[in-house]
Amino acid sequence: MTDTAIEAAALGRRFGRRRRIALDGCSFRLPAGSVCAVVGPNGAGKSTLLSLAAGLLRPTDGTITVLGRSPASARERLAYVAQDKPLHLQLTVADTLRLGRELNPRRWDAAVAERIVAEGDLDPKAKVRTLSGGQRTRVALALALGKRPEVLLLDEPMADLDPLARHQLMATLMADAAEHGTTVVMSSHVVAELDGSCDHLLLLGAGRVRLAGPLDDLLAAHRLVTGRADTPLDPHLVVESRTTGRQLTALIRPDGPLGDGWQSTAPTLEELVLAHLRAPGAPALRLDTAREAAV
């Protein structure tokens, strides 16, 4: 057993003849049992990171371990749902779950897989090719959770679901993670759907780690302040600021007490993420215990 689900040290990945950089020098540590949101703009490296953790890609630089082992060695203990939800289109829903059971005979949880399918009112005899995108997502998640993984990797899992189905499946994921101690690593463009669900944050930008650590600690390290535009903010680090008329609103990392004239509130997850995305030059902040370099 290990208390670390995923750890990366100076992790890098390049593609193509021109060696396009997808990830560059990424270091972070994700504790076992965490629910981690991986966020960032398109091209930030989210899908590449999850593919590396799943063992589908190999690092160009640095290292990544899953449950203290190489991703390939930990494959039986993890499950991965990619954006395109690859399934055998000619199989029925029932056949797909049967295949999951045959491929994972020692760990298969038929009850949870069948429940997720049943909650979507899916006909077990329906062929996967006849299902909608959202229904295929439900089948893919049923396969992933049925495997009873210790680490569950989800790449934009809710993108093609309607709001009600998204809410239901998110509740199922969180309940399952809480009951079994599953580590969930989930990328998403919809930050609002992650608020209240995740307890760890990994924000990527241009292939680098911008924020990493327990969500409560990252939020506590920032303040959202409002005041007159001519009121100084020294010596605090200003992540991002906007001026409307004579009023300035800024996300800062406080360095001591705020001066007079500032109103201060705690930022939400969405405010934290958007401010950092709008300010790609802001200094990174890591509040985990990852190594800085591979050894």
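User: How much space lies in the largest pocket?
Analyst: Keep in mind that this is a predicted model. The pocket's lining is made up of 23 residues. The space in this largest pocket comes to about 650 Å³.

User: Which residues lie nearest the centre of that largest pocket, and which elements give two or more residues to its lining?
Analyst: Of the 23 lining residues, the ones nearest the centre are Y80, P86, L103, L143 and K147. As for elements, those that give two or more residues to the lining are strand 5 (78-81), helix 2 and helix 4.

User: Which residues of helix 2 are buried, and why do they sit on the same side?
Analyst: Helix 2 runs over residues 93-103, and its buried residues are V93, T96, L97 and G100. They share a side of helix 2 because they cover an arc of only 95° around the axis.

User: What span should helix 5 have, and how far apart are its end C-alpha atoms?
Analyst: Helix 5 has 18 residues, 163-180, and at 1.5 Å a residue they should span 26 Å. The end C-alpha atoms agree with that, being apart by 26 Å.

User: What do the buried residues of helix 5 pack against?
Analyst: The buried residues in question are A165, L169, M170, T172, L173, M174, D176 and A177. In helix 5, these pack against strand 3 (35-39), helix 3, helix 4, strand 6 (151-155), strand 7 (183-187) and helix 6 (191-194).

User: How many cavities of 30 Å³ or more does the structure hold, and what volume has the largest?
Analyst: The structure holds one cavity of 30 Å³ or more. The largest cavity has a volume of about 60 Å³.

User: Which element gives the most to the lining of the largest cavity?
Analyst: The cavity is lined by I6, F28, L30, C36, L49, L50, A53, I64, V185 and L202. Two elements give two or more residues to this lining: strand 2 (20-31) and helix 1 (46-53). The top contributor, with three residues, is helix 1.

User: How many residues lining the largest cavity are nonpolar, polar or charged?
Analyst: I6, F28 and C36 are among the lining residues, and Ile, Phe and Cys count as nonpolar. The lining holds no polar and no charged residues, and its nonpolar residues number 10.

How values were computed
Residues numbered from 1 in each chain as written. Predicted model: local features only at pLDDT ≥ 70, side-chain atom pairs only at ≥ 80, totals over all residues. Heavy atoms only, no water. 1 Å grid on protein atoms, 1.4 Å probe; cavity = no way out; pocket = protein on both sides within 12 Å on 5 of 7 lines; lining within 4 Å. Points joined across faces, edges and corners; volume = space filled by probe spheres on them. Helix = DSSP H or I, 4+ residues; strand = E, 2+ residues; numbered from the N terminus. Buried < 20%, exposed > 50% of the residue type's maximum accessible area, 1.4 Å probe, protein only. Arc of directions from axis to C-beta. Expected span 1.5 Å × (residues − 1). Contact = heavy atoms within 4.5 Å.
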